[in-house]
Structures are given as structure tokens and as C-alpha cells.
Amino acid sequence: MEVVRDRAWGKPLPAADPVFAPFWEAAERGRLLYQECPACGHRQFYPRPLCTACGADPAWAEASGRGVVHTYTIVRQYGAPPFRDELPYVVAVIELDEGVRMLGNVTDCPVDAVHVGMRVEAYAVKAAERIGVPFWRPR
Amino acid sequence: MIVGIGLSDYPKAPHLSAIQHHAQALQRALADSGVAKSAIDGYCTAGGMAAGDDPVTMAEYLGIRHRYIDGTMVGGSSFEFHVQHAAAAIREGLCDTVLLSYGSDYLSRMGRSLGTGGTFRGGREVPGPMQFEAPYGNSLVGSYALVARRHMHEFGTTPEQLAEIAVGVREYAGLNPHALYRDPITTADVLASRMIADPLHKLDCCVISDGGGAVILTTAERARDLRQPPVAVLGAAGGMTHWNIGQMPDYTTSAAAVCAPEAFARAGLTPRDVDTIQFYDSFTITVLLLLEDAGFCKKGEGGAFVAEGHLRRGGRLPLNTDGGGLSSCHPGMRGIFLLIESVRQLRGQAGEAQVPNCDIALAIGSGGWLSCIGAVLLGRGRSS
């Protein structure tokens, strides 16, 4: 996925965590990761140190970065910066073609154009050193 | 058996701190029940509303010498879980008399910031799994809006059908002199109110208030000597599907689909037996999901069911007869008020809002973002 590196990041940042860090580091390099269990095949997101289905050690897998809007809302009121300066914006649950779901924002289109079933693709914004945050736009 | 209930001052109580709400509600529950304070040997509370309201600090503050303590904190439904645990502890003989208490000064201390105040400011480092949601600026209202949108998409549920829930609850609020908002509203009023997070309007959302409550449970034997007609815990069950909204496995089904049938099975009852429902109305959509999941109608038919007017005063399944969270009182976690209003109805003490021949009440709490659901069937005239 494309990585935008020249946009100022004023949003919350993920705190350092050894299980979560590989996801953010990969996104900063343009790769969108999820986990798949070598033992039972279960796919999961967000990352864990164990498979939530069978308890085995999960492995990383790379997603295509394509998916569909499963559900969404247009946030029209939010008290804290910087979000309050960006209202209205879309928060959506994206179902990736690989089956896992991620919460995110759908950008690069009017908020009223977003609908359930809309095809979207991921891009990342560099938020800090070794941290890329995925976003979604119409495909 | 539930033998005592107490409400602290609400919906606005700037003279009370969160922990004072606990104390005032307890004093009122003692007066209501005739239970001697020294008889309380079990304690359940959730904490999480203010500094110093954790279970052990509260037990010390209130002077509870507990043989049994439970600090289960699953959000607003914690108190439905507490009833399940307290009833089991009494049955097992771990203790005889259990206090549940709650208190919050949210409105006076924090204003109406809970729903869209913005938990996560820019620049903040977010630990734990919430770091996968915090960068996107979702609000508490937005989380429920994700559920409402999916329900509309899958089943054709309309904003008008959701609005009917708010209109009916407001009608009951008109009968409660303490309710925060009492003037009647129409469906058109709900739809014309400001959109907070599509498809949820301002009037689809609960109020923010101050308030607290206390509930006292004891053995059937001790209940006989007390002031009030006892209310039996007929069946209780709880469960969860997720915590953070991004992890909800099915955006149109809550854990009530599992725990409500479990509570009915324990009580030997069915949805047809229920005379009033006290459901956690954090948002109109919350009630809709709980109705479907508890089996009052099929999945997807909640909108049509609600539109038939069953939840209104005079309907066959009156909802939130105290004015609910939507119009009366929501200090952050509402679960204890569902129990207290159920007890008032079953005792026949609900005044103008009294549901005729009310024998069975169902309280269902929802904690988090439709995450942790607790269902409690209460009845009069039967022993647990």
C-alpha cells in the first residue's frame, strides 16, 4: 500500500508494545499485516501472542490491502483536537478480502458517498519513526 | 431476594460527590428495607466512575465488613452481573445479606462529555488494544452508530422505528418528577434533532446526569421479617461477545442472544411471561438489539415490533417506566437503575407509571459497546 510520509500527524499514537509493534512497523513500510494460525487456520486482527481460537502461536500474513465497508458512521461531534477540526469524518469497519476486520477512516471522498458494501483500499500515513497508520479510500 | 432499594439525588446533584451518592443510596435502601446495616456481610460494586470508588475503598468508606466481595466491572451492566453473583453467593452460604451500590457525579463534574467529548487527544500514546481504534476519532455514540447502520442495512430498520423507542420512554419520563427531560416528544422531534453520529440523532442518545443507587439482597428466610414485599431473583445470566467495538463479531447481535435465553431457562419462563422490561437504553439501537436477542421478536424484526407500540404505556411490554437513560437518568453506568425500577414495579410502588398486574420484570444491562450483557428476571410472590 502507498505510504504518505509528508503529512503532519497530530493524532493519538500507539504506545510501544512488543506484540503490536510489528504491525505498525510493517504499515510504515507499506505492508498491511494480520495474523493466521498455522495450527487451525484461524485469521485474526488485532495481533495477539496467541491464536484466539486454539491458543497456538499465530503467524503474520500480508493482506492485499483491499476490502469492503462492513458498517460505518459519520462522526459529526467530537470534543478533542485534532478530530474536532476535521468534522465530519467517516469511521468504518472494513472487512478485508482476507476476512479479518479493521476499524478505520474512509477518506478521499465526500462523507455522504460512503455506503455499506463500498470497495476500499488501504494506504498508510507515517505517524512517527517505525509507525505507519492504515487508512482507507475508495477503490 | 431483593429486599431493599435506594436512589440518591438525581438527575442533578452538585452537592454530592460520586462516593457520597453510594452512601446516600445505601441509607435510603436501609430505611426502605429495615435491614440493619450491621447485617450486611457481602458487597458488590463496579467502581470506575471516580477516584476512590473502587470496591475495597468503598467497602471501607461505607463500613461494610464483607465476607463476600465482588468487584466485577463490565461497564454499565455490571450490576446485573452482581445480582447473579450475589444470589449465587447467598445460595452457597458465603454470606447472608449483600449490598450492591453505585454512584456518579458525572454531570456535575464532567458535564456532558461522555458521548462525544473525545477520550483520545492528539499526541497521546495509547496502550493496549485500544491503540488500534484511537487514531481514528471514533466516539462512544459512533460505536453504537456502527451497530445501528449495519442493522438498517441488513434489515431495513428505519430512523422512525428507532425514534419510537425514545418517544415512548419520554412519555414515561413525563410521569417521573425527577426525570431530566419530561416534555413529550414526537418521532419528528427525534428525527429533527442534531445528527451526532449517523444514523443516531441527539434524541437517540441517553442523557448525562448525576445519580446513584443501592440494592440489598438477602435470604428468603430473612426477607420475611423485613419491611417490603420481597422480590425474587428468578434467573440471571451474563455474557460477552467483545469489548472494543472493532471486535464485535456480528454487528447486529449482542450477547443477550445467549444469556437472555439462559436466564429464561433458569427461571422456567419465556418472553411471553414478562410484564415489563427495563432495558439499558444508552441509545435507541441498544433497546432494539436487546429486544430481538432476548426473543421478544425475531432477529431483524425489532423495528416493526417497536412500531406496533408494544413498549408504550398501556402496551403489552412497557419499557423503562422511570423514563430510562434516554430521558431521566444516566450517570455513566445505568445498570443498577434497571433493577431498582423493576423492584418498584413488582412491589406495586411505581405510582402513575405502575404496570397493572406486574408479576415478572426483565432487566437487561448492556456494558461497553453492546459488549457485556447481563439479564436478570425478577418476580414477586415466588422464592428463589
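Biologist: What makes the space of about 60 Å³ in this model the largest cavity, and what does the word cavity require?

Modeller: In this predicted model, the largest cavity has a volume of about 60 Å³; the space is called a cavity because a 1.4 Å probe fits there but cannot get out.

Biologist: Which residues line the largest cavity, and how do they divide by class?

Modeller: Chain A gives A:Phe45, A:Tyr46, A:Arg101, A:Met102 and A:Leu103, while chain B gives B:Pro129, B:Phe132, B:Glu133, B:Gly246 and B:Gln247. By class this lining has six nonpolar, two polar and two charged residues.

Biologist: What is the class make-up of the lining of the second largest cavity?

Modeller: The second largest cavity, of about 50 Å³, has a lining of nine nonpolar residues, with no polar and no charged ones. Among them are A:Trp24, A:Trp136 and B:Tyr136, and Trp and Tyr count as nonpolar here, so they fall within that class.

Biologist: Why is the pair B:Asp198 and A:Arg76 called a salt bridge?

Modeller: The closest N and O atoms of B:Asp198 and A:Arg76 are 2.6 Å apart, and the cut-off between a side-chain nitrogen of Arg and a carboxyl oxygen of Asp is 4 Å, so the pair qualifies. The count between chain B and chain A is one salt bridge, whereas 26 residue pairs across this interface are in polar contact.

Biologist: How much area do the two chains bury, and which residues of chain B lose the most?

Modeller: Chain B and chain A bury about 3500 Å² between them, 57% of it on carbon and sulfur atoms. In chain B, the residues that lose the most area to chain A are B:Phe132, B:Pro135 and B:Tyr136, together 22% of what that side buries.

Technical notes. Residues numbered from 1 in each chain as written. Chains lettered and ligands numbered in written order. Predicted model: local features only at pLDDT ≥ 70, side-chain atom pairs only at ≥ 80, totals over all residues. Heavy atoms only, no water. 1 Å grid on protein atoms, 1.4 Å probe; cavity = no way out; pocket = protein on both sides within 12 Å on 5 of 7 lines; lining within 4 Å. Points joined across faces, edges and corners; volume = space filled by probe spheres on them. Buried area = accessible area lost by both parts, 1.4 Å probe. Polar contact = N/O pair within 3.5 Å; in protein donor to acceptor, adjacent residues only side chain to side chain.
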